[in-house]
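Please examine the sequence and the structure shown here before reading the briefing.

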Amino acid sequence: MNARLDHSTLTSMVDEQPHEFRVATAAYRGPEVFAQEMEQVFYKTWIYLCHESEIANPGDFRSTQIGTRPVIVAKSREGNVHAFLNACTHRGATICREEKGNTRAFVCPYHGWSFRTSGELIGIPDEARYHENFDKSDKNLKPVPRIASYGGLVFGSFNPDVEDLEIFLGGAKQHIDIWLRRTAGSSYKVATSHKYGYEGNWKFQSENVYDGYHPGFVHRSAFNTVRKFEGSFENRALDVAVRQQGYTRGYPEGHGTLEAGAPLESGGIDPAVRQAYTDKLTALYGADGAAEVLTNRQFLIFPNLVIFDFNIRVIQPIAHDCTEVYSYPLLIEGAHDDINSNRMLDAQTRVGTAGILSADDIDVFAGGQNALKTEVFEWITLSRGLGKEEVKPDGERVGVYSDEAPQRAFWRKWCALMAAAS
Ligand code: FES
Ligand SMILES: [Fe+2]
């Protein structure tokens with residue numbers, strides 16, 4: 001058992017002054033902080049489980065994790081969504097070893113106990129050998145006590161008293177709504193994930209997704225390569241090292257966005273198909289509404305779900321210095337093949353495992369973690385735009401594209417949760 005960090009140690013890890021916002025490097029380091037993060041962040045708040053399209057039919061299931069706890073999400077015969085700990089109630093074996101599929105029942109590989117997709121224990125091999133008073137009814141799979149969805153995104157929480165999902169989503173809800181409008185009245189279908197891992201803390205990836213300060217530097221060579229081949233990124237201001245156009249936003253609920261203020265254009269779509277898509281959006285939402293929908297936008301739902309225009313990314317903490325990332329391309333049901341193949345191409349070439357961006361970033365994360373091991377420096381600084389951002393009455397903070405407003409929102413929420421029960 002790791003020693004628990006006390007309240008003052010945790011609250012002192014985030015130091016906010018009018019002129020500077022600092023985070024202790026200790027917050028990225030060591031099993032103690034990590035164990036406490038699992039308890040006080042991952043098991044206390046809502047965590048994304050899967051997209052509804054992945055469990056569309058009775059018997060469909062997905063295995064995933066809430067923090068380091070393995071979880072199964074499944075649709076029952078009755079069509080209800082259930083989530084439970086992926087652990088057999090006999091002796092704890094992992095009951096589902098597949099990432100996704102469809103089944104009538106989960107059968108434990110160890111001694112063959114079987115459970116309905118609703119979690120109910122239905123079969124014990126050679127049951128007669130148990131005592132006549134042996135109670136099966138309390139041996140159903142252990143449910144995740146809260147489950148809810150918004151906009152096709154299914155979340156679960158191990159905290160029975162967690163606030164309602166829509167309260168938790170707060171300011172991020174409007175961005176989910178805009179992202180949904182990209183389907184032009186249809187819905188998303190999630191494709192098979194790309195996966196990668198790195199030897200660094202999970203928070204490096206969370207902080208990176210809305211970091212508009214870094215692309216002109218760490219991705220410069222990637223952008224130069226793209227420029228040579230044209231097509232993708234054709235409308236982006238690639239020559240601007242530090243971009244001011246566009247926005248970053250941080251919300252009191254810990255969520256944050258990066259908005260380019262312009263569309264992310266991808267090559268390869270027939271101009272007529274692209275125009276038809278834009279026309280459909282315009283008919284549905286008006287010219288301004290369509291422009292808003294097409295604006296390049298990526299946001300983090302605290303603590304570990306990332307929504308890009310073209311994919312969903314899940315940041316999975318494994319240990320304080322080990323993280324896995326699952327990246328799910330998003331197809332639009334019923335859209336023209338050009339649009340969907342372009343979305344797959346974006347996943348493969350830009351944000352996927354072998355894409356031009358992720359490799360640059362994870363190299364930085366691993367390097368950062370290695371440097372933190374030395375404990376030679378105590379604080380990192382997330383102060384860019386502090387005191388210059390717009391602070392709205394409801395607590396939303398708006399900065400320019402290269403500000404660190406969303407990272408500060410993340411850490412304020414992290415600190416509040418970590419300090420809450422210690
Ligand atoms: S541990 Fe699952 S049947 Fe024994
Ligand atoms: Fe990046």
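Predicted model: local features only at pLDDT ≥ 70, side-chain atom pairs only at ≥ 80, totals over all residues.

Residues are numbered from 1 along each chain as its sequence is written, and side-chain values use heavy atoms, without hydrogens and water.

**Domains**
- The protein chain is divided into domain 1 (47-157) and domain 2 (171-419), with bounds from an automatic or database domain assignment.
- The centres of domain 1 and domain 2, taken over C-alpha atoms, are 32 Å apart.
- In domain 1, 15 residues are in contact with 22 residues of domain 2, where contact means heavy atoms within 4.5 Å.

**Nonpolar cores**
- The largest nonpolar core has 53 residues, and M13, I66, F410, W411 and W414 touch the most other members.
- Such a core is a set of buried Ala, Val, Leu, Ile, Met, Phe, Trp, Tyr and Cys residues joined through side-chain atoms within 4.5 Å; buried means under 20% relative accessible area, exposed over 50%, and partly exposed in between (1.4 Å probe, protein chains only).
- At least three residues of this core come from each of domain 1 and domain 2.
- A second, separate core of 33 residues includes W46, L165, A172 and I301.

**Residue V209**
- V209 is buried, with a relative accessible area of 2%.
- Beyond its neighbours within four places in sequence, V209 is in contact with L258, Q298, L300, V306 and R313.
- V306 is 97 residues from V209 along the chain, yet their C-alpha atoms are separated by 7.3 Å.

Conventions
Chains lettered and ligands numbered in written order.
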